[in-house]
Amino acid sequence: MENKKIIIEKIFNAPKNKVWEAWTDPELVKKWWGPEGFYAPSIKVDFKVGGKYIYAMHGPKGTQFDNDMYSAGVYKEIVPMEKLVVTDYFSDSEGNKLSPTEQGLPEGMPSEMTVTVLFEEIEENKTKLSIVYIPSSEKEHDAMIASRMEEGWSTSLNKMAKVVEE
């Protein structure tokens, strides 16, 4: 499955410390978390190895996503300004794990994923952010693609660009 990694990348016209801060400061995360048209009513972070995060996003009024949806996880590795490794799963408002299929996601979507986030200065005031998922099976990979997570991340990162490039 090594070749089935899902890698979402974006280059920001901003220094690495601003991109890192936008990813790790709850008040800044609130400004960009969620796909275009969504907002983040709540971002809770215990930023330490073993600490938990609980992020909420709320979709556009009058759509099937017009409610608070939560994801949570645990920080497994923190290398300041370089790398984060976290678990990620769908949750309730308290951070308790929920089934992805109960959240309307495709059959085969993993109940918990490990995500690696890399921060790389590619030149002065330009930072490449890479979000790496490694599905454990073909079925997980296909479900993750079918969930349109890449599109969601893409528009979220476009929102993040507005935060770090201002």
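User: Is Asn 125 buried, exposed or partly exposed?

Analyst: Buried means under 20% relative accessible area, exposed over 50%, and partly exposed in between, with a 1.4 Å probe and protein chains only. Asn 125 has 40% relative accessibility, so it counts as partly exposed, and its place is in the loop between β6 and β7 (126-133). This is a predicted model, in which local features need pLDDT of at least 70 and side-chain atom pairs count only at pLDDT 80 or more, while totals for chains, interfaces and linings use all residues. Residues are numbered from 1 along each chain as its sequence is written, and side-chain values use heavy atoms, with hydrogens and water left out.

User: What is the phi of Asn 125, and which value does Arg 148 have?

Analyst: Most residues other than glycine have a negative phi. Phi of Asn 125 is near 65°, which is a positive value in a residue other than glycine, and phi of Arg 148 is likewise near 65° and positive. Arg 148 is found in the loop between α3 (138-146) and α4, and it counts as exposed because its relative accessibility is 53%.

User: How should I read contacts, and which residues does Ser 111 touch?

Analyst: Contact means heavy atoms within 4.5 Å. Leaving aside neighbours within four places in sequence, Ser 111 is in contact with Asp 88, Tyr 89, Lys 97 and Pro 100. Ser 111 lies in the loop between β5 (83-91) and β6 (113-123), and its C-alpha is 7.4 Å from that of Phe 90, although the two are 21 residues apart in sequence.

User: Which residues touch the most other members of the largest nonpolar core?

Analyst: In soluble globular proteins, nonpolar side chains tend to be buried together. A nonpolar core is a set of buried Ala, Val, Leu, Ile, Met, Phe, Trp, Tyr and Cys residues joined through side-chain atoms within 4.5 Å. The largest one here has 37 residues, of which Trp 23, Trp 32, Leu 129, Tyr 133, Trp 153 and Leu 157 touch the most other members. Its largest share, 7 residues, comes from helix α4 (residues 149-164). A second, separate core of 5 residues includes Ile 54, Ala 56, Ala 72 and Tyr 89.

User: Where is Ile 54 found?

Analyst: Ile 54 is found in strand β3 (residues 52-58), and at 11% relative accessibility it counts as buried. Not counting residues up to four places away in sequence, Ile 54 touches residues including Tyr 70, Ala 72 and Ser 91, and its C-alpha lies 6.7 Å from that of Tyr 70, 16 residues away in sequence.

User: How many helices and strands does the protein chain have?

Analyst: Helices (H or I, at least four residues) and strands (E, at least two) are DSSP runs, numbered from the N terminus. The protein chain has 4 helices and 7 strands, which follow the pattern β-α-α-β-β-β-β-β-β-α-α along the sequence. The radius of gyration is taken over C-alpha atoms, and the globule rule is 2.2 Å times the number of residues to the power 0.38. The protein chain has a radius of gyration of 15 Å, close to the 15 Å that this rule gives for 166 residues, so it is as compact as a globular protein of that length.
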